[in-house]
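Have a look at the structure first, and then follow the points below.

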Amino acid sequence: MAEQWRHEEALVNGVRLHYVRAGTGSPVLLVHGWPGFWYEWRLNIGPLAERFDVVVPDMRGAGLSEKPDLPPEEGYTPAVMAEDLRALLDGLGVRRADVVAHDFGAVWVQQFARTYPDRLRRLVLFNPPYPGIGGRWYQPPHFAESWYQIFHQQPWADELVASSPRATELYVRHFLSHWSYRKDLWTEEEIRTYAEVFSQPGAVRGGFNWYRAVFRTRGGGTPAPIGTPTLVLWGENDPILPVAWADNLGQFFPDHRLVRVPECGHFVQRERPDVVNGEVAAFLGAP
């Protein structure tokens, strides 16, 4: 139950991170994407906490965590975010954990898995951006879906989106609706919660900085495969990360299982929590 969830804070690499913790058992880290924060896991925390020690951070730049005003290529790269995950586990006294990640969180967690493979037991990814997608992001006709990634590079983009509560709400509402299979999925209360969190000073900039950091530091060849046992859940109706892009998963995750989720878009944990909670608990709880 929500009243049993503990909202706590930790100083991680000089940045104050907020996180939610619930349950007991083996540790499981839930890592949000964009536009997200701990709240995107609210339908999963309770069921998973019946079997696991669930830790759900707001990553730097998001939610109730600090949003340092640093150049993106210094303060928001996947390597920096992976170090935050490592330091958070250190601070919690957790040597080895299972990690579940969505969207941008999957980018950071792949970096974490390659840098600290011994800290990871099993991995679950939802609709993950991964190297096997290649240049398909910006090929027609998909470029019409990826426009926001270019928009986020503009130095004035966060100021424009954060110029008023109404502008912030319109921007967040668009992605929550457009990326979902059911366009009426999100309640007004949920949208208001997202809009209020993104209306905090620096919150829009923090999320945009994740995109800026990737654009400014990309390159360096093909990453090594991740040997960690991996479960991938992929919504079959995701317009921004089409399930057809799962075709190269085996090249980068040699020990993986793909579960295609029908009538589901980008927000798998919100759209099909029954599937997510069952699949994740079974995979992480197996010997």
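Helices (H or I, at least four residues) and strands (E, at least two) are DSSP runs, numbered from the N terminus. This is a predicted model, in which local features need pLDDT of at least 70 and side-chain atom pairs count only at pLDDT 80 or more, while totals for chains, interfaces and linings use all residues. Residues are numbered from 1 along each chain as its sequence is written, and side-chain values use heavy atoms, with hydrogens and water left out.

**The largest cavity**

- A search of the whole structure finds 3 cavities of 30 Å³ or more (a cavity is a set of points on a 1 Å grid over the protein atoms alone where a 1.4 Å probe fits but cannot get out, and lining residues have an atom within 4 Å of a point).
- The largest cavity has a volume of about 50 Å³, where volume is the space filled by probe spheres set on the points, and grid points are joined across faces, edges and corners.
- Its lining is made up of Gly36, Gly61, Ala62, Gly63, Val197, Phe198, Ala203, Gly207 and Trp210.
- Helix H8 (188-198) and helix H9 (203-217) each supply at least two residues of this lining, and the largest share, 3 residues, comes from H9.
- By class, this lining has 5 nonpolar, 4 polar and no charged residues (Ala, Val, Leu, Ile, Met, Phe, Trp, Tyr, Cys and Pro count as nonpolar, Asp, Glu, Lys and Arg as charged, and the others, Gly among them, as polar).

**The second largest cavity**

- The second largest cavity has a volume of about 40 Å³.
- Among the residues that line the second largest cavity are Trp34, Val161, Thr168, Tyr171 and Phe208.
- Helix H7 (165-178) and H9 each supply at least two residues of its lining, with the largest share, 3 residues, coming from H7.
- The lining of the second largest cavity has 7 nonpolar, 1 polar and no charged residues.

**Helix packing**

- In helix H5 (residues 143-151), Ser146, Tyr148, Gln149 and Phe151 are buried (under 20% relative accessible area, with a 1.4 Å probe and protein chains only).
- These buried residues of H5 pack against helix H6 (157-161), H7 and H9.
- Leu43, Asn44, Pro47 and Leu48 in H1 meet Pro273, Val276, Asn277, Val280 and Ala281 in H12, where contact means heavy atoms within 4.5 Å.
- The residues of this contact of H1 with H12 divide into 7 nonpolar, 2 polar and no charged.

Conventions
On a 1 Å grid over the protein atoms alone, a cavity is a set of points where a 1.4 Å probe fits but cannot get out, and a pocket is an open set with protein on both sides within 12 Å along at least five of seven lines; lining residues have an atom within 4 Å of a point. Buried means under 20% relative accessible area, exposed over 50%, partly exposed in between (1.4 Å probe, protein chains only).
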